[in-house]
Amino acid sequence: MSSERRRRLEAYNERSGAALSPTDVGIFARFVTAREPWTEVILWDNQESVRAKFDDLLAAADGDAQPAPLGPSALYANLRVWRDRHTDDSVRSVSDADLGRLAAAPLNSAEDLGRATAALRDGGRLIGYADELLRLVGLRRDVPADSGEARRAASASPGAPSASPEAAPRPAAAAPPRGPERAPAPQAPPAPPAPPMMSEVRPHQPAPAPRPEPQPAPKPEPQPDPGKPFVWVQVPRFKPFDWTSGKAEPQGHVVAESRDGHVEMQWTPARGEAPVTLYRIVSSPQSWPVGAPEMAAQQGVTEATAGRFPAVASGAITYYAVWAHQGASVLEASQSQPTLIGSTEVVWPPSSMTVNVTPEKKVAGTWNAPPGSRVEVQRFPEGHPVGYDQSRLLRAEVVRSGGFLDDEAPQGQVLRYAAFCVADLPSGGSATSAPTIAEITVTPEVQQVALSVRPSADANGTYDISWIPPAHGSVTLYALGERPPQGLEREPRPMATLEAQGVRPEFRITYPSDDLGGVRTIRGFVVDRTWVHAHFVAVHQASDEVAWMSAPASVVTPHPPQWVQVVERVDTQILAFPWPEGVAKVEAYQSPRGVAIDTTTSEPVAHLTRQDYDRAGGMRIARALPGRGCSLHVVGVVYLDGAPVHSAPVTVDYPGITRIRYELEPAGPDGRPAQPGTPVAYHHLFCTADDDLYEVPIMLVANDRRLPLEPSDGAMVRQAVISLGAGERVFVGALPAGPRVTWLRLFINRPPAEVGSIAVLDPIVDALRLQLGQ
């Protein structure tokens, strides 16, 4: 069991950077116990490290917890240690830059590690040691922990003992570990723990002990944070730089940036292991202070590798260098020869930058810049990350000393102006400062957009909408069922006012538009089928506060009557239908069957207003319709700007009816029409039809008591077969006059079911009372 614990502890030691010696790992694996005070009676190589990590080591040994993944800085340090201790010369030659890139790569799987290694310049030297790197970065292949591959991988890790853990020698008395020479804070000595019982601690078979309570997972190692202030270490003096033994070649990288009156710095840790590492930050206004640290002004001394400190610009640029002093104590480190970590510079940015919009819609800006600086201004749209980008530079002629005037500023959007100070470097290049940023919006003047709406040629009932968009701002179209109040379009108003008057988001037109030479066009817009009136408006909006609505462009879509029926009244016809909503009147047009009509060139045979409809209940057609039938086209009419707009017609078929009119004319003995007061010898029968009739049998029926109501209601006095031309008055026959007073009426001499669409129209009733012969 101790071998398994040792494997877990070695993995934890590599991943967490606990830096325990192989001897201490073996002792903890063999004599692991839940009683931390017993560590006082065991001779460790580094008792302080064991006690500091005791809870984490206990959890790792029991397999109950794993150390948190290492951050890039800690992983970079472990990779350097692994490289420097490796037995393979090719691994020891891997550069710090490659290890830094490997530590910064996202490593979540063995595949990620393979891709990151392949991208390195010296990646080919690391491919053969993938298992070691997997363990070092906290990853593992999918193999059993006790498999041969896992054991071989564990034995190949740097610093692992060649003998098995069981064969590890019992530690002998050793000198206490050497640590920093600092006066510890006075405290009461801990009470000596009771010596362990043999039943509690046995080398080969530890006695069962209660399982320790689960410990919380260790917190991740704190990463260098350049946003935190440096904690300075007070060092009275450093040993002068020895030009014969000092190392002036940079061993890493340093970055610095000016932010909010501070300089934020971060650098790579010093190489090698030492109890104390002091980083000495020095500065110079002329050039990088890399010859000797005492040749420049000292900013401070710290043990951190990142932080910030307040700084004030004394010129266009300040040069910085970081030197590392290492030793067993602060004193020893201060008396050691330094190693140059690296150098960098800070170009001081402009300050007090302000921007405003001129009445001409130009953007003017001013700033304060350090003496000797050259300022460049760049313009960025909202949402675009700000960084030095020469493609976004303002023209040189609009940037002057202490300010700029941008006469090409886009309107209607948030603009971010970034001012960079540019300084020339002694090496011949140049460097830029961090940007000083100011935001502003150039609000354009709102305009009233002219809107054109016309019927679309693509489909009936659809419309094409066109407008010319202004150069700035946005145009939104709306289709409204109710016309906005008069005068709303006369001046710009807040958008909230327009919405309160009915121009609401749910009425927005979201159809795509085409750009036809600067004219935007929406084709085939379909109006709500339930609307008779539709009002289109365009709203030009330059900001949330200001908008200008166009004059409404109104269209009408009148609805025709539905369920039209023809009611026959022989001498007239009535069209019955429910009144269509929203129309001013209804018109009826006549045409031959199957022939369409054009309402612009035809005259209606009848028309009806809503008031007439409510009074009469239908449309009466007094005009005689063709006896053979026709088509009737009924349309709804709506007036737009005083002109009638007709709906699509609803067509009904009128089957027709042939009307026969007859007359009984008195005649004298000579057969001529009898004059008033002269004797009547005959009654001549004349018939007229409004359409052609061929061989229609008729009969005259007499009834002495009343007007005959049907062919069988009386005695037949005459019958004939007649053929009539349309509108032709034809003499049918003569009836002799006599003393018999009777009522006489003409009927079709056929059964009612066979009469068809023929109607007999009687003359006035008095003309049907005659004196006939016997």
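This is a short tour of a predicted model, stop by stop, for use in a viewer.

**Before selecting anything.** Residues are numbered from 1 along each chain as its sequence is written. Because the model is predicted, local features need pLDDT of at least 70 and side-chain atom pairs count only at pLDDT 80 or more, while totals for chains, interfaces and linings use all residues; side-chain values use heavy atoms, with hydrogens and water left out.

**Colour by confidence.** pLDDT is the predictor's confidence in each residue, from 0 to 100. The protein chain has a mean pLDDT of 83, and 85% of its residues reach 70 or more. Now select residues 142-207, where the pLDDT is below 50. Beyond near neighbours in sequence, this stretch has 73 contacts in the model (contact means heavy atoms within 4.5 Å). Where pLDDT is low, the predicted coordinates should not be read in detail.

**Select residues 72-85.** This is helix H5, with 14 residues. Helices (H or I, at least four residues) and strands (E, at least two) are DSSP runs, numbered from the N terminus. Buried residues of H5 include Leu 75, Tyr 76, Trp 82 and Arg 83 (buried means under 20% relative accessible area, exposed over 50%, partly exposed in between, with a 1.4 Å probe and protein chains only).

**Select strands E8, E9, E12 and E11.** In that order, these 4 strands form an open antiparallel sheet; two strands pair if DSSP finds at least two bridges between them. E8 (351-357) and E11 (399-400) stand at the edges, each with a single partner strand, so one side of each has no neighbour in the sheet. E11 is joined to E12 by 2 bridges, and Val 399 stands opposite Phe 404 in E12.

**Select Gln 411.** The loop between E12 (403-406) and E13 (414-424) holds this residue. Gln 411 is buried, at 17% relative accessible area. Leaving out residues up to four places away in sequence, Gln 411 touches Lys 361, Val 442, Pro 444, Glu 445 and His 472.

**Select Arg 672.** This one sits in the loop between E32 (658-667) and E33 (682-689). Arg 672 counts as exposed because its relative accessibility is 59%. Its contacts, under the same exclusion of residues up to four places away, are Pro 666 and Ala 667. The C-alpha atoms of Arg 672 and His 684 are separated by 9.6 Å, 12 residues apart along the chain.

Definitions and conventions: Expected span 1.5 Å × (residues − 1).
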